[in-house]
Structure formats: C-alpha cells, structure tokens
Amino acid sequence: STHRSRLLVLQNTTLLWLLLCGFSSINGYMIALQNRRKPFCRWLASPENMKGVISDKSDQSPLAVSDDTSEGLPDLLDNLKIDPKSIEIVLQENADGKSTNFEFVPMFRGSANYIANHRSTLAVYHIPGSIFEKPESFRDLMNDIALTWLLGMKIVIVAGCHHQVATRVGERKLVNGLFVTDEDTLRIIKEEAGYVRFEVERQLARSLRLHGTMDGDGNVISGNFFSAQPFGVINGTDYKFTGFVRRVEVDRIRQLHNSRNICLLSTLGVSPSGEVFNVNSEALAATVAGSLGANKVIYFTDQDSIIRNKAFG
C-alpha cells in the first residue's frame with residue numbers, strides 16, 4: 001500500500017542491528033521492524049490505522065505525526081511510555097531517490113572473524129607523552145582501547161612522559177641513544193609520570209563506563225609490576241638513574257587480566273633495594289610484551305610514520 005511504502009522498513013538483514021540497539025527512539029525517529037508476527041508492527045503498517053496518525057503532505061519529508069493521535073494509537077504506546085507526538089515515519093528513500101542503506105550490519109558481520117580471533121588475546125599498548133597534548137585524540141584513543149577490552153582482549157598500557165619531561169628540562173645529555181638521568185631530572189620524571197598515569201586512569205575509566213561496564217567489572221590498575229636496575233657506568237659514562245627492566249611480574253599481571261582489569265605501567269621502576277630508575281618506555285613495552293607472550297605490541301604516534309625493514313625495504 002501507499003502508506004506502507006512510506007514506512008522505513010528494516011528487512012531481516014538489519015535484525016542484528018535492532019537486537020544490538022533495541023527498539024528505541026534514535027535521533028527523534030521511531031524505527032520499527034515490519035514483521036507479520038509482531039502485532040504492533042502490523043498495526044503501524046496498516047493503512048486503516050494510519051488515518052489520523054500521519055499527515056501525508058507532499059511538501060514534508062519525512063512524514064510528520066499529526067496532532068490528532070489520541071484515537072489512532074494503541075494502548076501499547078502508553079505501556080512503552082512513548083509520546084505519540086515524538087514519532088516520525090521515516091521515508092524508505094532518501095532525498096536522491098535511492099534506497100536507504102544501513103551499512104552497519106555488513107560491517108559488523110565482516111568484523112565477526114576478527115572479533116573471534118582477538119578474543120582473550122593479549123595486547124601491549126605504548127602511549128607516547130606527546131598525545132596528551134591533543135585532548136580529542138587522546139580521548140578517542142582511550143575509547144578505542146576500552147572497546148578492545150570490551151571485545152575480550154587483555155590489555156597492558158605503557159604510558160610514556162618523554163614529551164613532558166623534555167618540555168620542562170630542555171636539553172638532556174644523550175650518550176649512545178640513552179639519556180643520562182640525574183637526581184633533579186628524576187624528580188621531574190616522577191611528577192610527569194604521575195600526571196600521565198592519572199590522565200590515562202581518568203579517561204580510560206570514563207571510556208569503560210561509557211561502554212556500559214557493570215560495577216566491579218573492569219578497572220585500571222597500576223603499580224610495581226616490574227622491577228628495574230641501573231645501567232651503571234658504561235665506557236666511562238655514568239647513566240645515574242637511567243635503568244632497564246630487571247624483571248616483569250608476569251603472574252601478578254595475569255591475575256589482573258583474570259579479573260577483567262587493565263594493567264597500566266609508567267616508566268619508573270623500583271629496584272629490590274628501593275631505588276627508583278627511569279626506563280625507556282618503548283623498551284619497557286617490548287620487554288613486557290615478550291615476558292607475557294603478548295599477541296601484539298602496538299606503538300601509537302601522533303605523526304604518520306611507517307616502520308620499514310632496512311634489509312628488505
């Protein structure tokens with residue numbers, strides 16, 4: 001019928017989308033599934049019951065609900081707490097005359113294999129300090145990481161703070177690719193490591209709640225999950241408080257993952273004697289990934305770049 005052709009009819013190919021999103025008002029539009037086994041949908045699509053419910057005006061698109069809706073709508077609307085005046089019947093065709101195409105379901109189906117393959121896998125994410133200077137990018141990154149957690153991945157995050165330290169300290173002594181960390185610089189590193197740690201915890205906690213985590217399910221936990229030791233004196237250069245990973249607490253990190261928590265690491269490691277050493281964040285991420293047998297180690301950057309094998313191009 002004419003009225004039925006004007007309804008936005010979601011075919012069986014978009015049933016998954018409805019199951020995910022539910023029967024709800026989206027952007028002010030009521031989306032209904034036309035299914036002959038659903039009395040309300042049959043009623044809504046019936047031309048007899050559409051009289052007095054929609055106003056078929058040629059200059060309006062989509063069709064607007066008329067003011068006189070009290071007699072036509074069933075009691076089901078009252079049970080669902082739906083205001084009839086908030087319903088619009090959306091045309092099946094857009095302004096160009098082409099059929100409306102919902103691309104979400106094919107995309108979601110195409111990603112099903114990837115979701116299954118990555119469920120219960122372990123990924124180590126390295127976050128550079130420079131990304132904290134771009135709030136929107138940092139927020140979006142936390143949302144994406146939370147999504148991977150929601151899909152069942154086990155996550156370790158290594159947060160670097162080199163950008164913040166370089167901004168405050170300026171030029172630092174670099175020998176053989178390693179920065180020399182003196183006592184004053186170590187104090188600044190402690191402050192900036194605390195800052196980036198708090199920012200990751202804050203934004204990631206928001207993202208986890210945004211994705212609908214229940215109370216007690218999913219948290220961001222940081223601590224001494226690795227120990228460090230100093231480089232000491234190499235070729236006459238004393239690297240002072242610059243160190244490297246001595247041991248990764250693999251069992252403790254796995255306990256976090258078994259409880260559906262996310263492990264967060266800063267670049268500061270403590271030695272068995274209680275001394276604190278600054279560890280290169282990129283090396284820390286690689287070492288942790290190797291110790292845990294991670295499936296992936298991912299380095300984020302705020303610049304477009306490609307890692308290329310020098311031998312094979």
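Entry 1, strand pairing. I take two strands as paired if DSSP finds at least two bridges between them. The model is a predicted one. I looked up strand 7 and strand 15 (residues 262–265), which pair in the parallel sense over three bridges. In this pairing, Val156 stands opposite Cys263 in strand 15.

I then turned to the pairing of strand 7 with strand 6. These two strands run parallel and are joined by six bridges. Here His126 stands opposite Val158 in strand 7.

Is strand 7 largely enclosed or open? I found that five of the six residues of strand 7 (residues 154–159) are buried, so the strand is largely enclosed by the rest of the structure.

Helix 10 has 28 residues and reaches 41 Å from its first C-alpha to its last, close to the 40 Å expected at 1.5 Å a residue. At the start of helix 10, I found a side-chain oxygen of Asp182 within 3.3 Å of the backbone nitrogen of Asp184.

I counted ring pairs with centres within 6.5 Å. In one of them, the ring centres of Phe132 and Tyr195 lie 6.4 Å apart with the planes at 55°, so I recorded the pair as tilted. Phe132 lies in the loop between strand 6 (122–127) and helix 8 (135–150), and Tyr195 lies in helix 10 (residues 183–210), so the pair ties together parts 63 residues apart in sequence. Phe132 is buried, at a relative accessible area of 8%, whereas Tyr195 is partly exposed, at 35%.

I next examined Phe241 and Phe277, another tilted aromatic pair, with 6.4 Å centre to centre and 35° between the planes. Phe241 is in the loop between strand 13 (237–238) and strand 14 (242–248), and Phe277 is in strand 17 (residues 276–279); the pair links distant parts of the chain, 36 residues apart. Phe241 is partly exposed, with a relative accessible area of 24%, and Phe277 counts as buried at 2% relative accessibility.

Which residues do ring pairs link into a cluster? I noted Phe132, Phe138 and Tyr195.

I found Arg260 over the face of Trp149, at 4.0 Å from the ring centre.

Notes: Residues are numbered from 1 along each chain as its sequence is written. This is a predicted model: local features need pLDDT of at least 70, side-chain atom pairs count only at pLDDT 80 or more; totals for chains, interfaces and linings use all residues. Side-chain values use heavy atoms; hydrogens and water are left out. Rings of Phe, Tyr and Trp (its six-membered ring) pair if their centres lie within 6.5 Å; planes under 30 degrees apart count as stacked, over 60 as edge-to-face and the rest as tilted. Helices (H or I, at least four residues) and strands (E, at least two) are DSSP runs, numbered from the N terminus. Buried means under 20% relative accessible area, exposed over 50%, partly exposed in between (1.4 Å probe, protein chains only). A charge sits over a ring if NZ of Lys or CZ of Arg is within 6 Å of the ring centre and within 35 degrees of the ring normal. The expected span of a helix is 1.5 Å times one less than its number of residues. A polar contact is a pair of N or O atoms within 3.5 Å; within protein, one must be able to donate a hydrogen and the other to accept it, and residues adjacent in sequence count only if both atoms are side-chain atoms.
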